[in-house]
Amino acid sequence: MRREFRTSLRLESACEFPAVRAATLTVREWLAEKNLPEADLGGWELALVEAVNNAVKYADDKARQLPVTIDVSCGECDVEVRITDHTAGFDWPDEVDLPDMDSESGRGLFLIKSLTDHVSYLRHPGENVMVLRRARPAAASEILPNVSHLQNRLAEAETALTDMTAELASSYESLVALFRYSSELGAHTDLKDFSQRLLKDLMQIAEADCAVLRLVSRDGKKLETLLLLPGEEKNLLPPVALTDAFASVEVGAAHNRQDIWFGPEEPLGKTDPLREVMPVGLGICHAFHVANQLVGTATLGRRLADRPFTAAQVNLLHTFVDFLAIQIVNARLLDERTAARVTRRELQIAADIQRSLLPAKIPACLPFEISAVCQSALQVGGDFYDLIPASEGALLLVIADVMGKGVPAALFAAVLRSTIRSMPQLFDQPGELLAAANRTLFPDLSRVDMFVTAQIAYLDPHRQKIISASAGHCPLLVWQPGTTDATALGESGFPLGIEPLTRYTQTETVLPANAAALLYTDGLSETRNAAGEMLSEKNLLRFLAQTAAQTGEAQAGKNFLLERLADYSGHAPLADDQTLILIRHRL
Amino acid sequence: MNIQNKDSQTTVVTGLLELVAANAAQVRDEIRAALPAATVNLDLDLSALTFLDSSGLGTLISLHKTLRSRNGTVRLLKPAANVLQILELTRLHRVFEIVNG
């Protein structure tokens, strides 16, 4: 057997941090001369620094006067270092574990243990010895130092090259992927498809076995599953509320704005929904934000717990997911803008329809004068009115409010208008007319769960009467000359579209000279003042009495009434459509 | 060591050569003292850092906690391979955002 060839070095260092650092550098240089590879030199340097720092840390004033001794012995197969100090020493723990992530100390022994093959700590009265040993990577021949040196250098260069290639490859892959995604984005790809391909690529590059992508719901209250890979059983993963940070690692990561790792040491919580779908050894969850707003979370998992994600892989996760977050936010903004455009266009169409329904001019019905207006609020509603000449100089007055807004409401208003106009034989019987209109419209209205309130009045100039009927609409208001108050008239039946076969009672009222009557929609009576109080029917009756007392012509009366309403609301923009027909007996 | 304010919220530290027991506490205190009240993000440029030990890790953690209390983060820029290896070994790459060159 060949006798092992060993060389050794002894150093004494003052018991203080700067001196210790200098001593460890000397040892490193000495080991470099022994042709240890770069990686081993770095490991030894750190292990030694930690070991000697420990000696300094536990030194009292007396021990600080005495040196720390470092003995290094380098053989063909291993390196051994002994550190002798004269401090009180410390108890070597049973388990050398990492402390909490937040702890600012307590990683020294873990590093020593991780960087060496063997550690022992021998305590004696007056001195302690820490023995560290580590095998040399290859049996380098001392006889041919130059060759072995070159071999080592070659091996190191190869390792470095491999590392660089791997890093370049992963950067290149992610760059290529991102460019590809960017060009795809122009081609209107579906966000989910796009996310799926991105996540699959990420899993492959980051060597993950499964992945979950969750997005914040529109209301911002929960995380909803967009993707669960592999497989597409996202229904397995119900949404999780964002309120309880302990409900799942995803919510935790979102709350703390920090990646959460899970694995054998920090397992998923018992109630964590990820447990069901990620039967993994370990994983990492990253919450992603855009402009400080949480957008979602991405979780990667590995089946086996033996290999945690490296920093480079974590970087990839961040890069990919943050890129995705921006695309998601952009796509959402685009959706919202398109929706807003569609809505604006729709409102324009609805307003056009509504305007086209109104009579171009007001037919004469002497001795009655009529003035009417339909003022639209910003959000076009379903108000409309109609004035239809009937036989013998009579006039049919129609006022209606279709429940709902926009194009559907405007279309039903148009249908109601045609339906009524198609039944002139019933004009003098408004109750029958409403019942017939209801029968015609009921199937269409009930199918879309809509209804219409309407008031129809037949104005008879010869008998100076008004005959009215109401389908769930605001009552007819009448002011009689010689009275101080106006009154609300008539019973109301169901709105159109509620019951297929329903009857409407009609009310007949005489309108003598100077009398005034008002048909209106609830936009008037529900006008709100600055304090938020509604005008109410009672005040509207009062306004009508004032109008009748202070004005003559119907046109002037209408303007007077509208001014009273505007005064009441403090000239605020209309909250709802305001439609009215004012009738004045002018003889 | 050079401490500069990149913008109203971000402070950048460059020129760290070693972060070890001998200087860890001093570096921590100097950076903390120089941090403007408005700073929420601290970028530690580690490109010049040749050596880091467990006391240096303590400094990084301590700064991380300071910035976290301001709802910000510490980013480690361009650590060399040996420094990255120590961060990975002690699993602190899970805590810090590490940005490569």
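**View 1. Strands E6 and E7 of chain B, paired in parallel at one end of a sheet.** In this predicted model, strand E6 of chain B, residues 73–77, is joined to E7(B) by 3 bridges, and the two strands run parallel. Within this pair, Leu77(B) has Val99(B) of E7(B) standing opposite. Both strands belong to an open sheet of 5 strands in chain B, ordered E1-E2-E4-E6-E7, in which the pairing is mixed. Strand E1 (2–5) and strand E7 (97–99) of chain B each have a single partner strand and stand at the edges, so one side of each is left without a neighbour in the sheet. From one strand to the next, the twist averages 20 degrees.

**View 2. Helix H2 of chain B against the sheet.** Helix H2 of chain B, residues 54–68, packs on the sheet and touches strand E4 (41–45) and E6 of chain B, its direction making about 140 degrees with that of E6(B).

View 3. Strands of a sheet pair through backbone hydrogen bonds, in either a parallel or an antiparallel manner. Strand E2 of chain B, residues 10–14, runs parallel to E4(B) and is joined to it by 4 bridges, with Asn41(B) in E4(B) as the bridge partner of Thr10(B). E4(B) also pairs with E6(B), again in the parallel sense, over 5 bridges. In this second pairing, Asp43(B) has Arg75(B) of E6(B) as its bridge partner.

**View 4. Strand E16 of chain A and the strands that pair with it.** Strand E16 of chain A, residues 465–471, is mostly covered, with 6 of its 7 residues buried. Strand E15 of chain A, residues 452–460, pairs with E16(A) in the antiparallel sense over 6 bridges, and Asp460(A) stands opposite Lys465(A) of E16(A). The hairpin of E15(A) and E16(A) has 4 residues between the strands, and in this hairpin Gln464(A) takes a positive phi near 50 degrees. Strand E19 of chain A, residues 492–493, runs parallel to E16(A) and is joined to it by 2 bridges; here Ser470(A) stands opposite Ser492(A) of E19(A).

**View 5. The surroundings of Leu215 in chain A.** Leu215(A) lies in strand E6 of chain A, which covers residues 210–216. Leu215(A) counts as buried because 23 C-beta neighbours are found inside 10 Å, the cut-off for burial being 20 or more. Leaving aside residues up to four places away in sequence, Leu215(A) touches Glu224(A), Leu226(A), Val295(A), Gly296(A) and Ile328(A). Ala287(A) is 72 residues apart from Leu215(A) in sequence, and their C-alpha atoms are 9.7 Å apart in space.

**View 6. The contact between chain A and chain B.** Across this interface, 25 residues of chain A are in contact with 24 residues of chain B. On the side of chain A that touches chain B, helix H1 (17–33), helix H2 (38–57), helix H3 (108–115) and helix H8 (311–357) of chain A each supply at least two residues, and H2(A) gives the most, with 5 residues. Sorted by class, this side of chain A has 11 nonpolar, 8 polar and 6 charged residues.

Key
Residues numbered from 1 in each chain as written. Chains lettered and ligands numbered in written order. Predicted model: local features only at pLDDT ≥ 70, side-chain atom pairs only at ≥ 80, totals over all residues. Contact = placed C-beta atoms within 7 Å. Nonpolar A, V, L, I, M, F, W, Y, C, P; charged D, E, K, R; others polar. Pairing = 2+ DSSP bridges. Axes fitted to C-alpha atoms, helices over the stretch in contact; angles between N-to-C directions. Buried ≥ 20, exposed ≤ 12 C-beta atoms within 10 Å, placed from the backbone.
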